[in-house]
Every structure is written in structure tokens, then in C-alpha cells.
Amino acid sequence: MENPSNTSIKRRIYKSKSKSGCRTCRLRHVKCDETPIACKRCTTSGFKCDGYDTERLTYKRKPAWSTALTEYHFRVLLPDKTTDERRSFNYFHSFTVPMMNGWFDHRMWNRLVLQLAQSEAAVCHAVVAVSALQEVSESAGVAILPEDMADRTHRFALYQYSRSIEHLTSRMRSNDPSVRNTVLICCILFIAFELIRGKYDQAILHLQNGMHILGTGKFDYHALYQAHPALSRNVEESLAAALVHLDLQSAHFGASNTHAQLDLASLESGESYWPSRVEFESLQDAFVTRDRIFLQFCMFSSLCESLSEAEIAADIAILSKEQKKQQIQLLNFAQGLDRLEETFSRRGTLTENDRGSFKLLRMHHMGVSVITDGCLLKSPKVISSTYSERFNKVVDLAEQITARFLDKQREAGPRLTLLMETGIIGPMCLIIDKCHNIDIAQRALNVMDSWPHREGLWDSTLASSMASGRIMHIRDTDAAI
């Protein structure tokens with residue numbers, strides 16, 4: 001019998017893999033000689049050496065979150081990306097997109113971003129940058145992640161961010177008309193990235209650049225009765241609508257360049273459009289119409305806020321007419337929403353998420369309606385006695401919506417800290433500011449405090465701090481009376 005020790009047996013000798021090779025060699029699964037600037041293995045074999053990643057993530061054998069797609073799928077979808085980049089893209093696909101769709105299924109997050117990330121390097125690197133930071137933010141349960149350059153993930157995210165800007169700068173030199181979609185998606189992703197870092201000035205700068213590229217100009221108050229300003233801009237409508245929505249949020253902080261100040265002269269001399277019946281084919285249509293109404297509401301309510309009681313009395317005919325138009329528009333919106341929900345129910349397509357979306361839209365409608373109805377009143381006592389019941393109903397809905405999200409959060413993994421759509425923060429701030437009732441204001445504040453998170457430019461922690469000052473003012477006013 002042959003001695004096994006004399007048998008020639010080939011055994012593979014396993015060596016630890018180098019994690020510092022160039023991007024090209026790592027993607028080809030070959031050993032890199034790691035020559036500075038460009039490795040010899042690539043240059044002598046006729047390949048372009050893509051250089052070395054300055055920052056990489058700490059390897060994690062098994063993510064804390066689940067995904068429907070495997071590593072193999074992401075290798076197929078993103079063949080030219082590293083393991084770290086594919087892992088972050090996986091997180092974005094598995095968790096960030098569902099979270100961004102928390103209020104409703106947004107076409108931009110569901111399809112457009114994911115599709116372009118596979119074909120546009122600038123979008124892909126921006127996605128990786130956002131998801132790398134966001135995973136840390138969600139794990140910590142904080143809406144703002146202070147910059148920590150000693151942390152490898154922060155350095156990796158900034159590296160991906162800079163690569164996205166590099167690719168985007170190169171892409172913008174092309175004459176491809178579709179490049180506008182790429183640029184605007186990157187603007188929105190850059191806004192999200194800077195918001196997670198707490199860099200508000202940079203987020204606003206990206207937003208203003210995006211609006212400049214979109215080319216809406218100053219919003220025409222009267223034309224808003226006819227169409228949303230994001231439509232017919234030769235870009236994907238869901239993308240344009242998302243950017244205008246963020247700009248609408250920025251108007252609350254005085255950072256919008258598109259919101260012209262409405263005055264009595266322009267209100268009187270403008271074209272006499274009247275609201276018309278609205279029909280929605282989808283929830284996204286309803287959210288877009290809500291934003292169009294929000295735009296007018298902000299401009300008209302700001303005008304009324306700036307006028308004294310005597311000035312309102314002097315021009316009551318003009319102001320009452322416009323108030324009536326706003327009320328009709330809000331009624332049309334509510335009726336259109338009812339018809340859409342009835343259509344969903346009749347077809348058997350009304351999901352639990354859809355019910356939550358309808359509840360949110362009705363809460364927004366109720367809040368804007370009650371403030372519109374009282375916008376020509378200046379007496380806090382009259383406003384409180386007349387509209388307290390309606391303000392309470394708005395807060396009731398906000399409590400239900402918040403409870404639903406907190407339940408969902410307890411059931412499914414990481415905390416929900418970043419959404420890019422207005423939900424409860426802005427409306428609760430408006431209620432606190434306008435209700436002139438300490439009990440209602442305190443309930444609204446409790447809603448914000450119960451769920452620390454961000455909705456685009458609205459941060460619940462910062463908003464709560466500002467609202468607390470307003471509540472103290474209401475309490476002092478009540479004590480003086």
C-alpha cells in the first residue's frame with residue numbers, strides 16, 4: 001500500500017487577502033503590486049489603473065439589517081464598484097429608500113435614483129456617501145451626526161462625496177440633455193448628506209443651485225392656481241417636485257430665492273384665476289397638489305401676518321376675496337382626496353401605507369384650512385375661542401401618525417431619523433405658533449419630542465427648542481391677561 005506521505009498532493013496555500021490594492025486589481029480579483037500612483041500589474045497588462053482608495057470601511061461579516069438582494073446581485077448591478085461601495089449601496093436600497101418613502105411611494109426614490117446610480121458614477125458615489133453616514137446615524141438614533149474625521153466611516157463618506165463631485169463636474173461638460181436629471185438628483189443627495197452632517201449652509205447652497213438649474217424663477221402667485229411650478233421643466237417631474245418641496249421648506253427659514261413677497265398691489269392686479277376641481281390619479285399627484293397649495297398658503301398667510309388690524313380693515317374686500325379662493329381650493333383638494341381613496345378601495349388596492357398617507361394629507365389639509373380661516377383675525381383670544389377644537393383635531397391626527405411610525409420603528413430595525421418630505425414637524429410648529437392655546441401648543445410640542453428625526457430641512461429637536469420659546473410667550477401672555 002502506497003504511503004500517503006509519499007503521495008504528491010497539491011494543496012492550496014491560503015494567504016490573507018490584501019485590502020490595500022488598487023481598485024482595478026481588486027475588481028479583477030488579482031494580486032496588486034501596489035506601486036504608487038499606478039500599479040505595474042495594470043500598466044503592463046494593458047489595463048487602466050484606477051488608483052487606490054484613500055479610505056475603506058471596517059469589514060463587517062454580517063450586516064445588522066436584512067436585504068432581499070444578495071452580494072451576487074449587487075456584483076451584477078455594480079460590477080465596477082468595490083465591496084465597500086456595494087455594501088453601502090445595498091444599505092441604501094434596503095433601508096434608505098423605504099425610509100424616504102415613509103409617507104408615500106415616491107417615484108424618485110423608488111426608481112429614478114436607483115436606476116441612475118447604475119449608469120451614472122456621480123449618482124452612485126453620492127448614494128454611497130449618504131448611506132455610509134446614515135447607517136451610523138440610524139444606529140446612534142440621532143438626526144445630526146457631528147463630523148468626526150478620526151472615524152473611518154466619516155472619512156469614507158467624505159471620500160465618496162468628493163468622488164461624486166469629481167464625476168459630476170466631468171459629466172456637466174457633456175451636451176447630453178439628460179444630464180440635468182443627473183445633476184438634480186446629485187443636488188438632492190448632497191442636501192441629504194449635508195443635513196446628516198448638520199451643515200445647513202452647505203445644504204441650502206446645494207438647494208439654491210438645484211433650483212437655479214431647474215429654472216423656475218420667481219413663483220407667480222396667481223399662476224399657482226393653474227399648475228405646480230415644477231411641471232414642464234424638461235426633467236423628471238417627480239424629481240423637480242421633490243426639489244421644489246425642499247425649496248418650500250427653506251422659505252420658512254427665509255432661505256428661498258424663488259418666493260417673491262406678495263403685496264396688496266400684486267394681489268389686486270393679478271389675473272383673476274379661480275380654483276378648479278382636482279382629480280388625482282395617484283398619491284404622488286395629491287402630494288404635488290398639496291405643495292402647490294402650500295406655496296400659495298405661505299405667500300398669502302405671510303402677507304396677512306405683515307398687515308395690522310387697521311390695514312386689514314382698509315382692504316378687507318381684496319383680502320376676503322383671496323381668502324375665499326384659498327378656502328375653495330382647500331375644499332377641492334379634500335374632495336379630490338376622498339375620491340382617490342374611494343377609487344383605491346373600490347379597486348381593492350388600498351394598503352395600510354396608503355391609509356397612513358391619506359391620514360397625513362388630511363392632517364396637512366386641516367392645519368392649513370384652520371389657519372387660512374383665521375388669517376384675517378388679529379385677536380389671540382378670538383382665534384383661540386373660535387378654532388381651538390379644530391386645532392385639537394389636527395394634533396389628534398399628528399399623534400396617531402407619530403404612534404404609527406414609532407410602532408413601525410420598533411418592529412423593523414433601525415430608527416427612522418431622516419425623511420425628505422414634510423410630515424408632522426412643520427405643521428406642529430404652525431399649530432404652536434397660531435393656536436394661542438397653551439394646552440394645544442404643549443400637546444403639539446409633545447408630538448415633536450416623542451420622535452427625534454428630520455424631515456428635509458425641518459429638524460424636530462431644533463424645532464422643539466424654538467417652539468418651547470413660543471409656548472413660554474403664550475404662557476406669559478395668558479398670565480398678563
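These legends go with a set of close-up views of one predicted model. Local features were taken only at pLDDT of at least 70 and side-chain atom pairs only at pLDDT 80 or more, while totals for chains, interfaces and linings use all residues. Residue numbers start from 1 along each chain as its sequence is written, and side-chain values use heavy atoms, with hydrogens and water left out.

**View 1. The whole chain, for orientation.**
The protein chain has 19 helices and three strands, read as DSSP runs numbered from the N terminus (helices are H or I with at least four residues, strands are E with at least two). Of its 481 residues, 51% are buried; here buried is under 20% relative accessible area, exposed is over 50%, and partly exposed is in between, using a 1.4 Å probe and protein chains only. Take the contacts in the chain with a separation of 6 or more: 75% of them join residues 24 or more positions apart. A contact here is heavy atoms within 4.5 Å.

**View 2. Helix 4 crossing helix 7.**
The axes of helix 4 (residues 83-100) and helix 7 (residues 152-171) come within 12 Å and cross at roughly 90°. The two helices are therefore roughly perpendicular to each other. For the bookkeeping, axes are lines fitted to C-alpha atoms, for helices over the stretch in contact, with angles from 0 to 180 degrees between N-to-C directions; under 35 degrees is roughly parallel, over 145 roughly antiparallel, 65 to 115 roughly perpendicular and the rest oblique. Helix 4 brings D84, E85 and S88 to the contact, and helix 7 brings F156, Q160 and R163.

**View 3. H93 on helix 4.**
H93 sits in helix 4 and is partly exposed, at 25% relative accessible area. Its C-alpha is 9.4 Å from that of W109, 16 residues apart along the chain.

**View 4. A stacked pair, Y161 and F193.**
A pair of aromatic rings is described by the distance of the centres and the angle of the planes. For Y161 and F193 those are 4.4 Å and 20°, so to speak a stacked pair. The rule: rings of Phe, Tyr and Trp (its six-membered ring) pair if their centres lie within 6.5 Å, and planes under 30 degrees apart are stacked, over 60 edge-to-face and the rest tilted. Y161 is in helix 7 and F193 in helix 8 (residues 179-197), 32 residues apart, which links distant parts of the chain. Both residues are buried. The count by this rule is twelve aromatic pairs.

W103, F405 and W451 make up one aromatic cluster. In another spot, K325 lies over the face of W274, 5.5 Å from the ring centre. A charge sits over a ring if NZ of Lys or CZ of Arg is within 6 Å of the ring centre and within 35 degrees of the ring normal.

**View 5. H259 in its loop.**
H259 lies in the loop between helix 10 (237-251) and helix 11 (264-269), and with a relative accessible area of 16% it is buried. Neighbours within four places in sequence aside, H259 is in contact with F219, D247, L248, A251, L295 and M299.

Among the buried ones are I425, P427, M428 and K434. H436 is not a glycine, yet its phi is positive, about 55°. At 21% relative accessibility, H436 is partly exposed.
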